[in-house]
Amino acid sequence: MSSTAWFLRSMGDRGTHRGIYSPATRSVHARCGIEFEPLKRTTGTPIVLTPRPPDPDQVCLACSSRQSGR
């Protein structure tokens with residue numbers, strides 16, 4: 001996965017970040033500058049949200065403001 005997508009860091013407010021997943025480190029490098037291990041499905045694959053989550057309270061403000069094209 002080399003393009004940016006929305007990943008869950010937590011289920012809480014502002015817990016969804018836009019970034020790139022690295023299979024090598026098993027972490028997301030988010031646009032806001034943090035690196036985290038995303039929540040995963042029972043299969044072990046990261047939960048990827050497409051398109052952008054509809055609830056504005058769900059997304060990181062820094063990742064949201066840096067998103068181009070939306």
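A residue counts as buried when its relative accessible area is under 20%, and as partly exposed between that value and 50%. In this predicted model, cysteine 63 falls in the buried class because its relative accessible area is 0%. Cysteine 32 has 23% relative accessibility and therefore counts as partly exposed.

**Cysteines**
- The count of disulfides comes to zero.
- Cysteine 32 takes part in no disulfide, and the nearest cysteine sulfur to it belongs to cysteine 63, 3.7 Å away.
- Cysteine 63 is likewise in no disulfide, its nearest cysteine sulfur being that of cysteine 32 at 3.7 Å.
- A disulfide requires the two sulfur atoms to be within 2.5 Å.

**Fold and dimensions**
- The chain contains five strands and one helix.
- Along the sequence these elements follow the pattern β-β-β-β-β-α.
- The radius of gyration is 11 Å, which agrees with the value near 11 Å for a compact globule with 70 residues.
- Taken along the principal axes, the C-alpha atoms fill a box of roughly 30 × 20 × 20 Å.

**Packing and contacts**
- Buried residues make up 34% of the 70 residues in the chain.
- Among contacts in the chain with a separation of 6 or more, 45% are between residues 24 or more positions apart.

Note on methods:
Residues are numbered from 1 along each chain as its sequence is written. This is a predicted model: local features need pLDDT of at least 70, side-chain atom pairs count only at pLDDT 80 or more; totals for chains, interfaces and linings use all residues. Side-chain values use heavy atoms; hydrogens and water are left out. Buried means under 20% relative accessible area, exposed over 50%, partly exposed in between (1.4 Å probe, protein chains only). Helices (H or I, at least four residues) and strands (E, at least two) are DSSP runs, numbered from the N terminus. The radius of gyration is taken over C-alpha atoms; the globule rule is 2.2 Å times the number of residues to the power 0.38. Contact means heavy atoms within 4.5 Å.
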